[in-house]
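Me: I'd like to learn how to read a structure like this one. Could you walk me through it, one feature at a time?

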Amino acid sequence: MTEIVPVSGPALVTYADELATLLIEAVEGGSSVGFLAPLDRATAAAWWRQRAAAVEAGSHQVWIARDAERAVGTIGLVRTPLPNARHRAEVSKLMVRPSSRGRGVGRALLAAVEQSAAAEGLTLLVLDTETGSDAERLYRSAGWTPYGSVPDYAADPYGTLRATTFYYRNLGPREASPRRPSQ
């Protein structure tokens, strides 16, 4: 059985080496998550450790999907610091080990982020993914709405530029905004 757990900043540092393995496997498996292959362990672990301060400060959250032996997936949520955007956040770095794909881990991670965000009062989530990827099929089937695609937006792990599709998910009603004073 897979358990989804949120991690603190110090816990993220503790999990950094294990998550580095997950990140390397995702990149080697063709996932477009911001890194090029080959990705070395030191770079991957350092990237995770660098997220710890943001997690501890509350601007970033990370969840890990664990089976009985190891981390099999992860997902992040990045808050927008701007005053006019405090109702929304970006879902980032949804990764599932290639050996664990097709078992509902990605869907469970996505649901955990959506539930946590809604409980915190966030009403809008956004994300982007490589057009035509398995991740895109997951987002569409989970009820996310595409709102545009940009050709050649990011390179895949092998350096080939690929299109990226942007998605959003409304989580709840928006609060009524006060009217601006008349000029």
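Reply: Gladly. By class, the residues lining the largest pocket are 15 nonpolar, 14 polar and 9 charged. Nonpolar here covers Ala, Val, Leu, Ile, Met, Phe, Trp, Tyr, Cys and Pro; charged covers Asp, Glu, Lys and Arg; the others, Gly among them, count as polar. This is a predicted model, where local features need pLDDT of at least 70 and side-chain atom pairs count only at pLDDT 80 or more, while totals for chains, interfaces and linings use all residues. Residues are numbered from 1 along each chain as its sequence is written, and side-chain values use heavy atoms, leaving out hydrogens and water.

Me: What volume does the largest pocket have, and which residues lie nearest its centre?

Reply: The general idea is that rolling a probe the size of a water molecule over the atoms shows where empty space is left. On a 1 Å grid over the protein atoms alone, a cavity is a set of points where a 1.4 Å probe fits but cannot get out; a pocket is an open set with protein on both sides within 12 Å along at least five of seven lines, and lining residues have an atom within 4 Å of a point. Points are joined across faces, edges and corners, and the volume is the space filled by probe spheres set on them. In this model, the largest pocket has a volume of about 870 Å³. Its lining has 38 residues, and S31, L94, T129, A135 and Y139 lie nearest the centre.

Me: Which element gives the most to that lining of the largest pocket?

Reply: That is β4, with 7 residues. At least two lining residues come from each of β4 (88-96), α3 (105-119), β5 (124-130), α4 (134-141) and β6 (145-155). These labels are DSSP runs numbered from the N terminus: helices are H or I with at least four residues, strands are E with at least two.

Me: In what order do the strands of the open sheet stand?

Reply: Strands of a sheet pair through backbone hydrogen bonds, either parallel or antiparallel. Here, two strands count as paired if DSSP finds at least two bridges between them. The 7 strands form an open sheet with mixed pairing, in the order β1-β2-β3-β4-β5-β7-β6. β1 (3-7) and β6 stand at the edges with a single partner strand each, so one side of each has no neighbour in the sheet. From one strand to the next, the twist averages 25 degrees. Angles run from 0 to 180 degrees between N-to-C directions of axes fitted to C-alpha atoms, for helices over the stretch in contact.

Me: Which way do β3 and β4 run, and how many bridges join them?

Reply: β3 (residues 71-79) and β4 run antiparallel, joined by 6 bridges. In β4, S92 stands opposite G76, and M95 stands opposite T74. β4 and β5, by contrast, run parallel, with 3 bridges between them; A89 has L125 in β5 as its bridge partner.

Me: Which strands does helix α2 touch?

Reply: Contact means heavy atoms within 4.5 Å. Helix α2 (residues 41-57) packs on the sheet and touches β1, β2 (60-66), β3 and β4, its direction making about 125 degrees with that of β2. Helix α4 lies across β4, β5, β6 and β7 (161-170), at about 150 degrees to β5.

Me: How many cavities of 30 Å³ or more does a search of the whole structure find?

Reply: It finds 1, and the largest cavity has a volume of about 40 Å³. W47, W48, R51, H60, V62, T74, I75, G76, S92 and K93 line this cavity. Two or more of its lining residues come from each of α2, β2, β3 and β4. By class, the cavity lining has 4 nonpolar, 4 polar and 2 charged residues.

Me: Is H60 buried or exposed?

Reply: Buried means under 20% relative accessible area, exposed over 50%, and partly exposed in between (1.4 Å probe, protein chains only). H60 is buried, at 11%. H60 sits in strand β2 and, beyond its neighbours within four places in sequence, is in contact with R51, A54, V55, G76, L77, V78 and S92.
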